[in-house]
Structures are given as C-alpha cells and as structure tokens.
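Here is a friendly walk through one protein chain, told in questions and answers. Shall we take a look together?

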Amino acid sequence: MREGPDIARIASLVGDPARANMLNALMGGTALTASELALEAGVSLPTASSHLSKLMEGGLLTLASQGRHRYYGLAGPQVAGMIEAITGVAEAVGPKRVRPGPRDGAMRVARVCYDHLAGEQAVAMLDRLVEKDILQRDDKEIRLGPSAASHFAAIGIDVGARPRRPVCRACLDWSVRRSHLAGTLGAAILDKILAEKWARREKDSRAVVFSPPGKQAFERVFLS
C-alpha cells in the first residue's frame with residue numbers, strides 16, 4: 001500500500017451518482033434534511049440515509065440537530081472547493097448531458113459556491129481586484145494588497161472579522177475554468193451583495209440574479 005492520502009476512498013464517496021447529487025445540492029450553503037436530499041438524489045429515504053452515513057463517516061458532511069429535525073451540510077470550504085473543482089473537470093472532459101433551460105445560463109453568470117460568489121461575475125471581480133493591486137495573486141495563492149484593508153473598510157467589509165479561516169482563497173470556477181475568490185473575504189462580499197439587495201437567490205437554485213440597479217451597483221463597487 002502506498003503512503004499518503006487515500007484519494008480512492010474520497011473518490012468512491014463522491015463518485016456515486018446519488019451521493020454526487022446530494023453533495024451538489026449542498027453547494028448552495030443551505031443545510032438540508034435527509035428527506036430533502038433523498039429528493040435531490042432521486043432515491044428512497046432509507047437509501048438516502050445509507051448514503052448520508054457513508055458521507056458522514058468519510059468526513060465530507062456535518063450534522064446539526066434542531067428540535068426533531070436533523071440537517072446535513074458540507075464539512076467546510078475545502079469540501080466545497082473539491083466539488084467545484086470536480087465539476088470543472090467534468091465540464092471540460094466528461095460526457096455532456098443535455099443542458100437545462102435558462103436557469104443554467106443564470107448559474108454561469110452568478111451563483112453561490114458554498115458561502116461565496118461564483119460564476120462569470122465573480123471571476124471578473126477577482127480579476128479587477130488583482131488589476132488594482134487590492135488583492136495580489138501569485139500562482140494559485142491570493143493575498144491582501146497594501147490597500148486592501150482600507151479599501152474594503154470603506155465599503156463596510158472588515159477583512160479581519162473572521163480570522164480562523166483564510167481571508168483569501170482561490171476556488172476554481174467550473175463554468176469559467178478560472179479562479180474566483182473564496183475565503184472569509186469572498187463570503188463577506190456575497191453577504192454584502194445580498195444585504196444591499198443588489199441580487200437575490202433564485203428559489204430552489206444556487207443561481208444569484210442581479211437586478212438592473214443592483215448589477216450597476218456591483219459593477220461600480222467591484223468592477224470599476
């Protein structure tokens with residue numbers, strides 16, 4: 001047996017179609033019950049419970065209880081990043097499925113990736129922040145530039161508010177196949193977009209839909 005991480009074990013957990021659908025459903029950042037995940041996976045509740053047990057044992061999910069309800073969520077940003085990266089590989093080299101309707105187009109423009117913004121708008125935002133030296137990118141690593149703290153403070157974002165997680169992290173975007181911004185800063189930016197009502201979460205989807213005035217505000221703050 002080779003030493004090192006057991007990639008095959010994780011791949012076998014993610015590779016089952018029902019479990020893959022469950023994990024993808026949790027990419028929106030909302031915790032779901034076993035019944036809801038069974039619907040997402042297209043399997044019976046007993047089968048879903050078996051799949052969820054395996055994902056829990058593999059360290060890919062967390063479980064929280066509230067009253068009589070039990071809610072499953074992704075174990076963290078690292079798991080979300082893995083799923084986003086696998087989706088990118090599947091999009092690039094895997095067999096093609098029939099594209100869904102307009103909702104898929106909206107997902108490509110802007111969507112939630114666990115707790116931060118993804119899609120074309122998110123990639124454009126990261127590019128612009130790097131161009132202005134607010135963020136600095138070295139290969140796959142992203143870090144704050146000298147003016148980052150004051151820049152984000154001016155728009156109501158404290159880059160040191162949640163220090164236990166990385167402030168900046170690159171997350172490979174499956175639809176653009178380039179990186180968008182994750183980490184606590186990425187999460188704070190998505191929170192601001194939604195709090196300012198520049199955009200809304202589309203029901204039963206990860207898509208983030210900007211209103212015309214909201215799109216202008218987003219572009220003025222993050223793309224100008």
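Predicted model: local features only at pLDDT ≥ 70, side-chain atom pairs only at ≥ 80, totals over all residues.

Residues are numbered from 1 along each chain as its sequence is written, and side-chain values use heavy atoms, with hydrogens and water left out.

Q: How are helix H1 and H2 oriented to each other?
A: Helices (H or I, at least four residues) and strands (E, at least two) are DSSP runs, numbered from the N terminus. The axes, lines fitted to C-alpha atoms, for helices over the stretch in contact, with angles from 0 to 180 degrees between N-to-C directions, of H1 (residues 7-15) and H2 come within 6 Å and cross at roughly 85°. Angles under 35 degrees count as roughly parallel, over 145 as roughly antiparallel, 65 to 115 as roughly perpendicular and the rest as oblique, so H1 and H2 are roughly perpendicular.

Q: What is the orientation of H2 to H3?
A: H2 (residues 17-25) and H3 (residues 34-41) have axes that come within 8 Å and cross at roughly 120°. That angle makes H2, relative to H3, oblique.

Q: Which residues of H3 make the contact with H2?
A: Contact means heavy atoms within 4.5 Å. On the H2 side, Ala18, Asn21, Met22 and Ala25 take part. Their partners on H3 are Leu37, Glu40 and Ala41.

Q: How far apart are the end C-alpha atoms of helix H9?
A: H9 (residues 183-195) has 13 residues, at 1.5 Å a residue. The expected span is 1.5 Å times one less than the number of residues, so H9 should span 18 Å, and this agrees with its end C-alpha atoms, which are apart by 18 Å.

Q: How many residues of H9 are buried?
A: Buried means under 20% relative accessible area, exposed over 50%, and partly exposed in between (1.4 Å probe, protein chains only). Among the buried residues of H9 are Leu185, Ile189 and Lys192. H9 is mostly covered, and of its 13 residues the buried ones number ten.

Q: Which residue in the turn between S5 and S6 has a positive phi?
A: Strands S5 (residues 135-138) and S6 (residues 141-144) run antiparallel, joined by four bridges; strands pair if DSSP finds at least two bridges between them. They form a hairpin with two residues between them, and the positive phi, about 55°, belongs to Asp139.

Q: Is Arg70 buried, partly exposed or exposed?
A: Arg70 lies in strand S2 (residues 69-74). Its relative accessible area is 45%, so Arg70 is partly exposed.
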